[in-house]
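Dear colleague,

I am passing on the structure that follows, and below it I have set out what was found there. Please read the notes with the coordinates open beside them.

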Amino acid sequence: PIYEKYKAKTDKEVRTLADVPYGGDAKQKVDVYLPTRKGSGRPMVAFFHGGGQTGGDKGTVANITQWLARNGMVGINANYRLSPQVKYPEQGKDVGAVVQFMKAKAKEYGGDPNRVFLIGQSAGSTIIAAYIYEQDLQPGGDPSVAGVVLMSGVYRTAHQGPRRQVSQNYYGDDESKWDSLVPFGQAASYKGKMVPTLITNAELNPNSIEFEGVDLYQLLCHKSGCPKYHQTLGHNHLSETSNLNTSDASVGPAILDFIRATASDLKMKVVRAKM
């Protein structure tokens, strides 16, 4: 794979808390990555893995939350319940449960409950988008997050091909409802609070995934103003995240810049509000 030429950096300054529950199901657990140096008020960033909504595990993407902690943030590496064991909208509910977990644990972990961010890759982006564009899943109708990073997500329904069964298993047997339940359909009809967003696509993604990211970008441009967009050059669907916590700089700096700028802007708004 393209990322093999990069050597992962060691993380001696990161402390890990493994398998912390945020719900009652065996899958509803997170690993927490904390900088060992003292600090408080850090941005809290949760990562949701890919796997087609049917597989994947937080243990395979530890490099990402190690990287977040090395950059002074509280990294939350989340598992979530999988299809076909659960159906719509349960995976979006798991995202919301992780958000509430982060806010409840902010003081304990040295984080800022008002600067909660979500990052997803592939299906992880799909379920994050399901949460931020489905007001019924949001406590009080507010997503309660400062920003999201959607990396190479799938936002439309598969009505044919190998993913059709995945759509049926998760969204139900009534195919006429699918397009309104997937993130693209939800975003089109969403009337709630919009969340600052960075959309990324890998240059070597399958065209279908590339198009869906561009389509969501265009929809949001017309709906509420264009989100940030980043094309990760030289990487495929998997290596786009595997390169994080290495010397490769094709996407990491863009994500850090987005989080830091959004968190800083939020802090300034709070200061102005108190004046």
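A disulfide is taken here as a pair of cysteine sulfur atoms within 2.5 Å. By that rule the count comes to one disulfide, which joins C221 to C226 with an S to S distance of 2.0 Å. The torsion about the S-S bond of C221 and C226 is about 125°, so this disulfide is right-handed. C226 is partly exposed, at a relative accessible area of 49%, where buried means under 20% relative accessible area, exposed over 50% and partly exposed in between, with a 1.4 Å probe and protein chains only.

Please keep in mind that this is a predicted model, in which local features need pLDDT of at least 70 and side-chain atom pairs count only at pLDDT 80 or more, while totals for chains, interfaces and linings use all residues. Residues are numbered from 1 along each chain as its sequence is written, and side-chain values use heavy atoms, with hydrogens and water left out.

Turning to the interior, a nonpolar core is a set of buried Ala, Val, Leu, Ile, Met, Phe, Trp, Tyr and Cys residues joined through side-chain atoms within 4.5 Å. The largest such core has 42 residues, of which F48, I76 and L118 touch the most other members. Helix α2 (residues 90–109) contributes the most to this core, with seven residues; helices (H or I, at least four residues) and strands (E, at least two) are DSSP runs numbered from the N terminus. A second, separate core of 20 residues includes A146, V251, I255 and I259.

The axes of α2 and helix α3 (residues 123–132) come within 8 Å and cross at roughly 80°, the axes being lines fitted to C-alpha atoms, for helices over the stretch in contact, with angles from 0 to 180 degrees between N-to-C directions. The two helices α2 and α3 are therefore roughly perpendicular, a term that covers 65 to 115 degrees. Their contact (heavy atoms within 4.5 Å) is made by Q91, G92, V95, G96 and V99 of α2 and by I127, I128 and Y131 of α3.

Most residues other than glycine have a negative phi, and most peptide bonds are trans. Yet S83 and P84 are joined by a cis peptide bond with omega of about 10°, and the bond from Y88 to P89 is cis as well, with omega near 5°. S152, although not a glycine, has a positive phi of about 50°, and at 0% relative accessibility S152 counts as buried.

With best regards

Key
Parallel < 35°, antiparallel > 145°, perpendicular 65-115°, else oblique.
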